[in-house]
Amino acid sequence: MAELPMGKGVSAGKIASNVQKKITRAQEKVLQKLGKADETKDLAFEEGVINFNKQLVEGSKLQKDLRAYLTAVKTMHESSKHLYECLDDMYETDWYGRKEVDSLFEDSDLLWTDFHQKLVDHALISMDTYLGQFPDIKARIAKRDRKLVDYDSARHNYAAVNKGKKKEGIKITKPASLLERAAPGWAQGILSAHNVAQTSLSRSQAEEELERAQKVFEEINIDLQEELPSLWNSRVGFYVNTFQSVAGLEEKFHREMGKINQNLNDTLEKLENQDMSRLLRPMVPPPPKVTPSKDMKQENIINLFGEAAAPDISVTSPTQVSCTFFSCNPRLQANFANSRDTSIAMHDYNANDSDELELKAGDVVLVVSYENQDEQDEGWLVGVKESDWIQHKDQGKKGVFPENFTQRM
C-alpha cells in the first residue's frame with residue numbers, strides 16, 4: 001500500500017478523520033437518494049442558491065462584455081490616432097491652421113485616453129469588486145451543503161441510538177468493513193487503525209455529535225440566509241450604476257469629440273477657401289501711393305502704349321471676362337469705341353479713397369495719362385472703365401488703381 005504523504009502539522013488521525021467524514025457523507029447521500037434516510041430541506045434557501053447562480057452567470061457575462069468594450073475603445077483610440085497622424089503628416093507647414101490642427105490632434109488623443117481611463121475607474125473596477133464577493137459565498141454554500149449532510153448523519157445516528165432498548169452507555173458497533181471497502185487503498189490502513197479506537201459510539205457521544213454538527217451548520221446557514229437575498233436585491237442598483245456610468249461617459253466623450261471635429265472641419269474649410277482665393281487675389285498688397293518729387297523725369301512716368309501699340313481689334317463678345325486697360329493719349333481716344341488692347345483680370349479691387357477706381361474681375365479699364373505727372377504714384381495707374389466711357393464718352397469717372405491688379409495683354 002502506498003504511503004500517504006504527510007504535511008507539516010498533519011497527523012495520521014486527522015487524515016483518517018477527514019477521510020471518514022467524506023465516506024460518511026457519501027453514505028448519507030446515497031441513503032437519502034435511495035429514500036432510506038430523510039434529508040433536511042429548506043426551499044427558501046434553495047431558491048436563494050438558484051438566484052445566486054443566475055446572478056453569478058449574468059455578472060460574469062457583463063464583466064466579459066465590458067472588457068471587450070474597453071478593448072474596442074482602445075482599438076478605436078489607436079485607429080483614430082493613426083488616422084490623424086496621417087493627416088498631420090500631409091498637412092504642410094505653411095498651410096492655414098497648422099498650429100490649430102496640431103492642437104486638435106493632441107486634444108483628441110487626450111480625450112480618448114481620458115474616456116478609456118474613466119470607463120476603467122467607474123465601470124470595470126466596480127464590476128470586478130462586485131464579482132469579487134461571489135467566490136467566497138459560493139465556497140460557503142458548498143461548505144453549508146457538507147455541514148448539512150454531517151448534521152443529517154448525526155441526527156440519524158442519534159435516532160438509531162434512541163431506538164435501541166439497551167441501557168444508556170451500551171455501545172453500538174459501526175459497519176467498519178463497509179467504510180474500509182469504500183475508502184481508497186492508501187487510506188484503508190489508516191482508517192482501520194482509526195476505527196479500532198472508534199468502534200463504538202455511546203448515546204451521550206451521539207448526542208454531543210448531533211449538537212456540534214447542528215451548531216456548525218446553523219452558524220453558516222444563518223449567515224447565508226441573510227446574505228443571499230441581500231446580494232440578489234443589490235443587483236438592480238449595481239446594474240443601474242454601471243450602465244449610467246457608461247452612458248454618461250459616452251455622452252460626454254462624444255460631445256467633446258464633436259467639438260474637436262467641428263473645429264477641425266472649420267479649419268479645413270478655411271484652408272480650402274484660402275487656397276481657392278490665391279487664384280483670385282495677389283500674394284502681396286498693392287504698393288502705397290506716394291507723392292513723387294517734382295523733379296521726376298518724364299521718362300519715369302508709366303505710359304503703357306505708344307501709337308503703334310493700338311492695333312485695330314474688333315471685340316464682339318458681350319461676356320468678356322478679362323480686365324483690360326489702355327493707354328489713352330489724345331491720339332488713341334478716337335479708337336476707344338472700336339479697338340483696344342486687352343489683359344486677364346487677376347483680382348477685384350475695392351476702392352479705399354474717393355479718387356480710386358473700383359474694379360471687378362472682368363472690367364475693361366482704359367488707361368489715360370496723368371494730367372499732372374508729379375501726381376503719379378509708383379505702381380498706380382489712372383484710367384476709366386470702358387463701360388463708363390461708352391456710356392458717358394468722357395473721363396469724368398476716371399480714378400487711380402493698382403497696376404499689379406491687372407495684367408497687360
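**Contacts, helices and confidence**

Biologist: Which residues does His-77 touch?

Modeller: Leaving out residues up to four places away in sequence, His-77 touches Asp-109, Trp-112 and Thr-113. Contact means heavy atoms within 4.5 Å.

Biologist: What are the ground rules here?

Modeller: This is a predicted model, where local features need pLDDT of at least 70, side-chain atom pairs count only at pLDDT 80 or more, and totals for chains, interfaces and linings use all residues. Residues are numbered from 1 along each chain as its sequence is written, and side-chain values use heavy atoms, with hydrogens and water left out.

Biologist: Is His-77 buried or exposed?

Modeller: His-77 is buried, because its relative accessibility is 7%. The cut-offs are under 20% relative accessible area for buried, over 50% for exposed, and partly exposed in between (1.4 Å probe, protein chains only).

Biologist: Which helix is His-77 in?

Modeller: His-77 sits in α2, residues 43-90. Helices (H or I, at least four residues) and strands (E, at least two) are DSSP runs, numbered from the N terminus.

Biologist: At what angle does α2 pack with α3?

Modeller: About 170°, with the axes 10 Å apart; α3 covers residues 98-132. The axes are lines fitted to C-alpha atoms, for helices over the stretch in contact, and angles run from 0 to 180 degrees between N-to-C directions. So α2 and α3 are roughly antiparallel. That label needs over 145 degrees; under 35 is roughly parallel, 65 to 115 roughly perpendicular, the rest oblique.

Biologist: Which residue classes make up that α2 and α3 contact?

Modeller: It has 19 nonpolar, nine polar and eight charged residues. Ala, Val, Leu, Ile, Met, Phe, Trp, Tyr, Cys and Pro count as nonpolar, Asp, Glu, Lys and Arg as charged, and the others, Gly among them, as polar.

Biologist: And how do α2 and α4 cross?

Modeller: At roughly 150°, with axes that come within 12 Å; α4 is residues 134-163. Therefore α2 is roughly antiparallel to α4.

Biologist: Which residues meet there?

Modeller: From α2, Phe-45, Val-49, Phe-52, Gln-55 and Leu-56. From α4, Phe-134, Ile-137, Lys-138, Ile-141 and Arg-144. By class, the α2 and α4 contact has seven nonpolar, one polar and two charged residues.

Biologist: New topic. How many helices and strands does the protein have?

Modeller: Eight helices and six strands. From the N terminus the order is α-α-α-α-β-α-α-β-α-β-β-β-α-β. Of its 409 residues, 34% count as buried. Among contacts with a separation of 6 or more, 75% join residues 24 or more positions apart.

Biologist: Where is Glu-272?

Modeller: In helix α7, residues 203-277. Glu-272 counts as exposed because its relative accessibility is 51%. Trp-95 is 177 residues away from Glu-272 in sequence, yet their C-alpha atoms are 9.7 Å apart.

Biologist: And where does Glu-403 lie?

Modeller: In the segment after β6 (399-402). Glu-403 is partly exposed, with a relative accessible area of 26%. Its C-alpha is 5.5 Å from that of Gly-379, 24 residues apart along the chain.

Biologist: What is the average pLDDT?

Modeller: It is 75, and 67% of the residues score at least 70. pLDDT is the predictor's confidence in each residue, from 0 to 100.

Biologist: Where does pLDDT stay under 50?

Modeller: Over residues 167-173, which have nine contacts beyond four places in sequence in the model. Residues 280-284 are also below 50, with nine contacts beyond near neighbours in sequence. Where pLDDT is low, the predicted coordinates should not be read in detail.
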